[in-house]
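Notebook open, viewer open. I wanted to go through this chain and jot down what I looked up.

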Amino acid sequence: MDLGDGNMIISAVSLPGLVIGLSFATMVLLVGGIGYWFVDETPVIKRRLRAIQTGVAARGHEDHKEGAFFVRWAEPVGKLVLPGDNWKNSHTSERLVLAGYRSHKAVYVLAAVKVALVLTIPILISFVCLTMQYNPLRDVGGIALLLSSALTSFYLPDFLLSLQGRERQAKIRNDFPDAMDLLVVCVEAGLSLDAAIQRVGAELRISHPELGDELQLVSLEVKAGKTKAEALKSLADRTCLQEIKSLSSILIQAEHFGTSIAASITGHADEMRNVRIQTARERAAKLPVKMAFPVMFCIFPALFLILLGPAVIKIVEGFSVVFR
């Protein structure tokens, strides 16, 4: 055996071993990190007592059950991808807020998940290909498969985040007329606008949790020192709904010009109720067109088979008797 054959054998053997080793190390790190995240449940009091006994001051950002995984894994990996503090005003942060993730940790966790998927999915695909006696790095198709899997893994969290944001936005839009009715009742009963928003948010926490949380957040922002106009504008920016933007503008103008808030909210509630009725009618009008293709390709073939099948069988049997 010459030297060239020996190099080919070494390369053929070392490549699968390298891929298997990398996949094994990746899975060990993932399982170990997740396990440490769930197992590390040391109470805060015990950690502080341990810090006092050892003479080490407790850190301000203690690693607790919710933050151990973030501090040790997600934040360092996320900082490798994020360029700086520009993400705070980026489109990604807006989509995270729209999906309901308001914590500053969400951007780091998203970046860490994208990096983990980009590294893990191609390795797992290579491992599966090697178990099937196929080396994906030896032809263009295998390399394209690995690159496409890495690219898909990188953009998959963004796609799922957009779906979650649109679903949450649709829920808030559907629940908004009910909240307007409750807000009208509270204001007409004598409550102030701040108290009415707080009351409606508390009432909607169970039946409509997404909109209830947003209204509770408006109440907390006002209590924290924000003006009512700033809190309502923040609500409109978080939800990205034209209905809430219109409500914010109406309430701000009513407060600025001294007009009746109850009358303004009542008019807007009537408008939102009409919009919901028109939206339902529009969906009902689109339903026959949407049902045309399922009926044509799923119901009609089975119906024709049931109705015309026996007749076709009889015709075939008759022709077979005639031409026998």
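**Confidence**

I am working with a predicted model, so I checked pLDDT before anything else. The chain averages 76, and 72% of its residues reach 70 or more. Of the chain's elements, helix α8 has the highest mean pLDDT, at 89, while helix α3 (residues 68-81) has the lowest, at 53. I also noted two stretches with pLDDT below 50. Residues 1-13 are one of them, with 4 contacts beyond near neighbours in sequence. Residues 38-42 are another, with 7 such contacts. Where pLDDT is low, the predicted coordinates should not be read in detail.

Next I went to E214, which is found in helix α8 (residues 209-224). Is E214 buried or exposed? Its relative accessibility is 0%, under the 20% cut-off, so I put E214 down as buried. Leaving out residues up to four places away in sequence, E214 touches R102, R168, I172, L235, R238 and T239.

I then looked at the salt bridges of E214. With R102, the closest N and O atoms are 2.9 Å apart. R102 sits in the loop between α4 and α5 and E214 in α8, so this pair ties together parts 112 residues apart in sequence. R102 itself is partly exposed, at 38% relative accessible area. E214 also forms a salt bridge with R238, where the closest N and O atoms are 2.7 Å apart. That pair links helix α9 to helix α8 across 24 residues. R238 counts as buried because its relative accessibility is 9%. Through shared partners, salt bridges join R102, R168, E214, E221, K226 and R238 into one network.

**Another buried pair**

I counted 17 salt bridges in the structure. One of them is R95 with D158, at 3.6 Å from N to O. R95 is in helix α4 (residues 91-99) and D158 in helix α6, 63 residues apart. I checked burial here too: both R95 and D158 are buried.

**S248**

S248 is in helix α10 (residues 242-257). I list S248 as buried because its relative accessibility is 4%. Apart from neighbours within four places in sequence, S248 is in contact with L232 and A236.

I ran a span check on helix α5 (residues 105-131). Its 27 residues reach 38 Å from first C-alpha to last, close to the expected 39 Å. Q133 lies in the loop between α5 and α6 (140-188), and at 75% relative accessibility Q133 is exposed.

C240 went on the list as well, with a positive phi near 55° in a residue other than glycine. C240 is in the loop between α9 (228-239) and α10. At 41% relative accessibility, C240 is partly exposed.

**The nonpolar patch**

Last, the surface. A nonpolar patch there is formed by F293, M296, F297, I299, F300, L303, F304, I306, L307, L308, V312 and V316, with about 1,200 Å² of accessible area together. L307 is exposed, with a relative accessible area of 56%. An α-helix has 3.6 residues a turn, so residues three or four places apart point the same way.

Terms used:
Residues are numbered from 1 along each chain as its sequence is written. This is a predicted model: local features need pLDDT of at least 70, side-chain atom pairs count only at pLDDT 80 or more; totals for chains, interfaces and linings use all residues. Side-chain values use heavy atoms; hydrogens and water are left out. Patches are made of residues with over 30% relative accessible area and no salt bridge: like charges are joined within 9 Å, nonpolar side chains (Val, Leu, Ile, Met, Phe, Trp, Tyr) within 5 Å. Accessible areas come from the Shrake-Rupley method with a 1.4 Å probe; for residues, only the protein chains shown count as cover. A salt bridge is a side-chain nitrogen of Lys or Arg within 4 Å of a carboxyl oxygen of Asp or Glu. Buried means under 20% relative accessible area, exposed over 50%, partly exposed in between (1.4 Å probe, protein chains only). Helices (H or I, at least four residues) and strands (E, at least two) are DSSP runs, numbered from the N terminus. The expected span of a helix is 1.5 Å times one less than its number of residues. Contact means heavy atoms within 4.5 Å. pLDDT is the predictor's confidence in each residue, from 0 to 100.
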